[in-house]
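Visitor: I am new to this structure. Please take one part of it and go through that part closely.

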Amino acid sequence: MENTINTGYILELKEVSVSYTPGKYAVDKVNARIAPNTVTAIMGPSGCGKSTLLHAINRLHELYPGISTTGEILLKGENIFRMNPMKVRRLAGMVFQRPNPFPTMSISGNVLAGYKLNNISLNKKEKGLIVERSLRSVNLWDEVKDVLNKKGTFLSGGQQQRLCIARALALKPELLLMDEPTSALDPISTSRIEDLILELKKEYTIIIVTHNMSQAARISDNAMFMYLGKLVEYGTTRQMFTKPENKRTEDYLTGSFG
Amino acid sequence: MAKMDKLLRGILLTAACFIIVLTAGIVYGLVSQSWDAFASFGFFRFIASTEWDSRNDIYGALPFIAGTVMTAVLAILFCIPFSLSVSLFNGEYFRNKKLSLFVSSVVDLLAGVPSIVFGLWGFYTLRPVLVDLGLSQQGFGVLLASIVLAVMIIPYASSLSAEFIAMVPNDLKEGAYSLGATNLEVIQRVSLPVAGSGIFASYILAFGRALGETMAVTMLIGNTNNIPRNLADTGNTMASIIANQFGEAGGLKLSALMVIGLLLFFITASVNFIAKYIMKLVNR
């Protein structure tokens with residue numbers, strides 16, 4: 001907590017590298033600091049390491065042997081590699097490219113999945129409150145309040161993705177990591193999720209990987225541009241889109257490559 | 001070229017039709033030879049009667065139906081802990097690792113061992129163990145047959161369930177991990193429930209194998225024509241009574257054996273059908 005006050009940053013990346021095969025870095029010595037209640041977009045061409053960097057932040061790489069992550073990642077001043085990985089993942093919620101509600105669970109079951117998976121027991125009243133609060137925060141409550149016991153997979157793609165966001169938010173994370181959350185969605189669902197991200201910013205800090213430059217321009221405060229595993233440029237979105245410092249960033253943003 | 005195509009199509013069509021005719025032929029043969037027994041005892045009396053009396057020519061199939069169901073159910077129960085662990089090992093924990101490839105090839109090897117070999121092993125290795133443990137006086141009986149059956153069906157239950165467990169989408173598992181779940185919690189709450197119906201279907205398929213397995217069971221069950229009263233008791237299954245008596249049977253007795261064969265045919269066919277149907281639902 002003290003560190004938070006000291007630095008004012010919720011997340012600090014120090015020399016973070018990730019390699020899938022020894023000697024080859026998918027993410028290469030990335031340094032960045034992220035302030036609370038901001039939306040940070042990570043952009044870059046396919047294979048530049050943006051998703052890999054995002055997955056490093058909640059230690060998801062550790063599920064796969066052979067991937068090594070080095071450097072320091074401080075979440076509220078605390079090095080996540082010295083924390084229990086389960087705790088890190090609860091504090092840094094993740095939303096994936098394709099909506100992935102658990103097919104065997106109901107809508108409310110999906111919202112509560114984080115508690116169930118961590119064997120945290122709740123009474124009926126607490127469950128009800130968490131389900132309503134989480135679904136309201138993703139503007140899904142009015143659409144599903146009468147069908148809470150139906151399977152989450154019956155919902156439309158956009159609704160499923162909002163359900164997955166609610167599932168992450170139910171655990172009250174410090175950070176919300178989003179890995180191209182709208183890439184599998186239609187334009188209307190996409191714009192609803194974008195509006196939602198702007199709303200959620202009031203309470204959460206969001207890092208979003210996106211392919212879509214106009215999306216980054218619409219919703220993010222700050223933007224990172226990655227290329228070949230390196231963080232080429234990091235600054236305010238406005239500055240990056242108006243006068244990028246790096247030639248590569250400019251080329252990418254103007255569509256010369258990527 | 002077109003001519004060759006036509007010829008090939010003709011050959012394939014004939015081959016396919018031949019299979020249908022063959023199956024129909026088997027059913028016809030069984031039904032036509034079952035007729036005498038049906039006429040003498042009636043279907044329901046035949047399957048409900050416990051008498052198997054060659055001298056008075058009175059036959060009933062209940063002891064064998066009971067023996068079959070008992071051994072198959074026990075075999076499934078005995079096999080679940082082992083096959084489920086093997087399938088979790090191969091499908092989840094050690095998926096695509098060298099050790100898991102080795103384990104699954106050993107399991108496949110088990111599937112290829114002839115029934116008679118299992119029978120021999122059961123008779124000369126396992127039976128004395130049961131006697132030494134005091135579980136049974138002679139060692140023969142339902143328990144011995146079920147244990148060996150369980151070993152025999154492990155490959156069927158485990159390799160198919162492992163496939164269903166491995167089929168659980170990675171993004172679901174990552175979703176669960178990203179919520180802070182441990183390995184065990186992901187298996188309990190995500191992998192097993194999602195793969196559940198597939199695993200269930202694999203066990204039904206294995207159950208079907210157990211119902212029809214003949215050689216090893218005939219060697220081990222003790223071959224007595226009574227309803228087994230406990231695990232140590234001897235008995236006969238539908239398959240083993242046929243194997244034991246078809247050679248010296250004639251007339252009404254042969255017809256009674258044919259009825260049992262027909263029943264076994266339909267029971268295993270429907271069990272297989274149910275399993276395939278569940279799998280179709282899962283894959284959709």
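**A strand and its neighbours**

Guide: Strand β9 (residues 222–227) of chain A has six of its six residues buried, so it is largely enclosed by the rest of the structure. A residue counts as buried if 20 or more other C-beta atoms, placed from the backbone, lie within 10 Å of its own. Strands are DSSP runs of E with at least two residues, numbered from the N terminus. This is a predicted model, in which local features need pLDDT of at least 70, side-chain atom pairs count only at pLDDT 80 or more, and totals for chains, interfaces and linings use all residues. Residues are numbered from 1 along each chain as its sequence is written, and chains are lettered from A and ligands numbered from 1 in the order in which they are written.

In a regular strand the side chains alternate between the two faces of the sheet. Both faces of β9(A) are covered: A:Asn222, A:Met224 and A:Met226 are buried on one side, and A:Ala223, A:Phe225 and A:Tyr227 are buried on the other.

Next come the strands that pair with β9(A), where pairing requires that DSSP finds at least two bridges between two strands. Strand β3 (residues 39–43) of chain A runs parallel to β9(A), with four bridges; here A:Ala223 is the bridge partner of A:Ala41. Strand β10 (residues 230–236) of chain A pairs with β9(A) in the antiparallel sense over six bridges, and A:Glu233 in β10(A) is the bridge partner of A:Phe225. The hairpin of β9(A) and β10(A) has two residues between the strands, and in this hairpin A:Leu228 takes a positive phi near 50°.

Note on methods:
Buried ≥ 20, exposed ≤ 12 C-beta atoms within 10 Å, placed from the backbone.
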